[in-house]
Amino acid sequence: MTGGTQAEGIHATGQPDTPIEVLTALLTKALQQQTLEQQRTYVQQALDIAAGLDDYLDKISSPPSQVVCELVAASVSHDWAGAHAAGKTQFLQKAECCSGTLEGRLLRFLVAATGAKRVLEIGMFTGTSSLAMAEALPEDGQLVALDIEPYMAEFAGPYFAASGLGGRIRPVIGPAQDSLAQLAAEGESFDLIFLDANKDGYAAYYDAIMQHSLLAHNGLLVVDNSLMKGRTYAPGGVADASADAVRAFNQQLLADGHVEVVALPFRDGVSLVRRRSPTSASATPSAAPAATNGQAAALNGRPAASTDLAPAAAPAADPVLCGFRGNSLLQRFKLTGKAALVTGAGQGIGRAWAHALGEAGAAVAVVDLDLAKAQAVAGELLSKGVRALAVQADVASKKDCQRMVAAAVAGLGRLDIAVNNAGINRNSAAEDTPEGEWDMTFAVNAKGVFLSCQAEASHMLAQGYGKVINTASMASLLVPHPQKQAAYNASKAAVVKLTQSLACEWADRGVRVNCVSPGIVNTALIQESPDLQPLVTTWLQQIPAGRLAEVTDLQAAVVYLASEASDYMTGHNLVIEGGQSLW
Ligand SMILES: C[S@@+](CC[C@H](N)C(=O)[O-])C[C@H]1O[C@@H](n2cnc3c(N)ncnc32)[C@H](O)[C@@H]1O
């Protein structure tokens, strides 16, 4: 039998499944051969599988940035022996210390996937991973990179600057143990920590991280080199103190009942570690399971736990300790699986709210009088991966409101959240306000909200659950000036009283009704109005916060009111006006 047919046979049997299993089978087979030539065939196939793996992973992963590639190239081609001989580095550093672009991409991916804002790298080397991770940070994110060698910061500096991300990366030079103590004293904590410095320090660094809560709640610890060239599990007679240290550390992690670990055969081994959510059973030291070994029991004075995930007997969970229904606080804000509609969502506040609800997980029906605008916003949401559809509706029409709800339910399969935001604002002195202006303002702002609520409630009351959020205004509390807008102010006061009335009527049937009262919001309405634009200076003097509201200032409120986190709140007018109504 040739090697080729044997390899096919291996796949056909469905036995060896992964590249490593196939490698193992091929090499085992090679060992069983009598002649060198027969062995070579199997060994060659094994070689092809092993040698091509990283290259193939590189090719099928999204590419690294140009600047990371340049920094990796400079790092691996650098004369590290020369740098050490010239006294630039304290230790003889090696090109292979650089984790490379593939691992950088994994780290960049993890930062993005976890939404990390603060990242710590322990063992920066030339900063290739720091830079890759910084690429996934938001503008106000920060990465702290520790290294013992001042030369590393010098080396990486120009590349950090060229990337435009230098402001997000803070190198801290010194022994990592000291730097960790300094970060703890500064009150730092991190969403993601990449542990990749001297291997004999891993255990102590881990203890410092856990003892000082440097890893935030729900944070992710990524440990590099958990395989140490395979020597952690197959020493092969080679004395390797680093591999011994990592082997012991792997055991230490496993024995620590406070964390969950998964080890991946990615490059030199990457272990992902996260703190377990506490259970009521593990909250008290006496209830913690016994340590699996003496070393683990001594960890930081914390009780070490067995690796058994299931507590023996589950006492009633304490929702403060374990989360309401097992949800962490931020999980309670998630809207995944919910469907929302937002009226007046073709622009301004409504558009920002449609995005906010979509980002929080909801499918969104984007409703507007202007179908083209609704379609444009629905398109934006779809491009972000949010299920969305556009609906044209005039909320002043009862028929349209009913059709809007029917379209949302038909298109999204359900309706849990309704944001009644469509509104108009006309300015005129009260003595001159035309009757038509008054009627139109009330038709949209007051009757339109009522008709929307009525149509939405017919669905929500039947299902016994719903979240209605109406757009009122700071004008419901004070009389904004100097602009004259009596009809608008009165219509928004009506929205608040309507919200309170509906909240009381529907509270015992699972439907919550709240409203949001924004202050003066910096939208196109103001920017493009020759009448309103000159008033901005006056308004700024009336606002303690010293600026107009941006639509993004309002986004979290609607997510809160739409989520189960606010289930006990109803009939509330949530005022967001930079303090203007207090002054
Ligand atoms: C494997 S390299 C880090 C590679 C880097 N994380 C990457 O992804 O390319 C290890 C780094 O740890 C640093 N290091 C070694 N001992 C250290 C210590 N005690 N404190 C801080 N850094 C240390 C070394 O100078 C070296 O740059």
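Student: What should I keep in mind about the model?

Tutor: It is predicted, with local features needing pLDDT of at least 70 and side-chain atom pairs counting only at pLDDT 80 or more, while totals for chains, interfaces and linings use all residues. Residues are numbered from 1 along each chain as its sequence is written, and side-chain values use heavy atoms, leaving out hydrogens and water.

Student: How many helices and strands are in the chain?

Tutor: The chain has 21 helices and 14 strands. Here helices (H or I, at least four residues) and strands (E, at least two) are DSSP runs, numbered from the N terminus.

Student: And how is the chain divided into domains?

Tutor: Domain 1 covers 3–59, domain 2 covers 66–276, domain 3 covers 280–303 + 315–328 and domain 4 covers 332–520 + 551–582. These bounds come from an automatic or database domain assignment. Between the C-alpha centres of domain 3 and domain 4 there are 44 Å. Along the principal axes, the C-alpha atoms of the chain fill a box of roughly 100 × 60 × 55 Å.

Student: Let's turn to the sheets. In what order do the strands of the open sheet with parallel pairing stand?

Tutor: Its 7 strands run E10-E9-E8-E11-E12-E13-E14. Two strands pair if DSSP finds at least two bridges between them.

Student: What makes E10 and E14 edge strands?

Tutor: Strand E10 (388–392) and strand E14 (573–576) each have a single partner strand, so one side of each is left without a neighbour in the sheet. On average, neighbouring strands of this sheet are turned by 20° against each other, direction ignored. Such angles run from 0 to 180 degrees between N-to-C directions, with axes as lines fitted to C-alpha atoms, for helices over the stretch in contact.

Student: How do you know that E13 and E14 pair?

Tutor: Count the bridges: strand E13 (residues 511–518) is joined to E14 by 4 bridges, and the two run parallel. The definition asks for at least two, so this is a pair.

Student: Why is E9 described as largely enclosed?

Tutor: A residue is buried under 20% relative accessible area, exposed over 50%, and partly exposed in between (1.4 Å probe, protein chains only). In E9, 6 of the 6 residues are buried, so the rest of the structure largely encloses this strand. Ala363, Ala365 and Val367 point one way, Val364, Val366 and Asp368 the other, and all are buried. E9 also pairs with strand E8 (residues 339–343) in the parallel sense over 5 bridges, and Leu341 has Ala365 as its bridge partner in E9.

Student: Why is the pairing of E5 and E7 counted, and what is its sense?

Tutor: Strand E5 (residues 215–224) and strand E7 (residues 270–275) share 5 bridges in the antiparallel sense. There, Val222 stands opposite Leu272 in E7. These strands belong to an open sheet of 7 strands with mixed pairing, ordered E3-E2-E1-E4-E5-E7-E6. At its edges are strand E3 (169–173) and strand E6 (259–264), each pairing on one side only.

Student: How do you know whether Ser179 is buried or exposed?

Tutor: Its relative accessible area is 2%, so Ser179 is buried. Ser179 lies in helix H9 (residues 176–185) and touches Leu146, Val172 and Gly174, not counting residues up to four places away in sequence. Leu146 is 33 residues from Ser179 in sequence, yet their C-alpha atoms are 7.1 Å apart.

Methods: Contact = heavy atoms within 4.5 Å.
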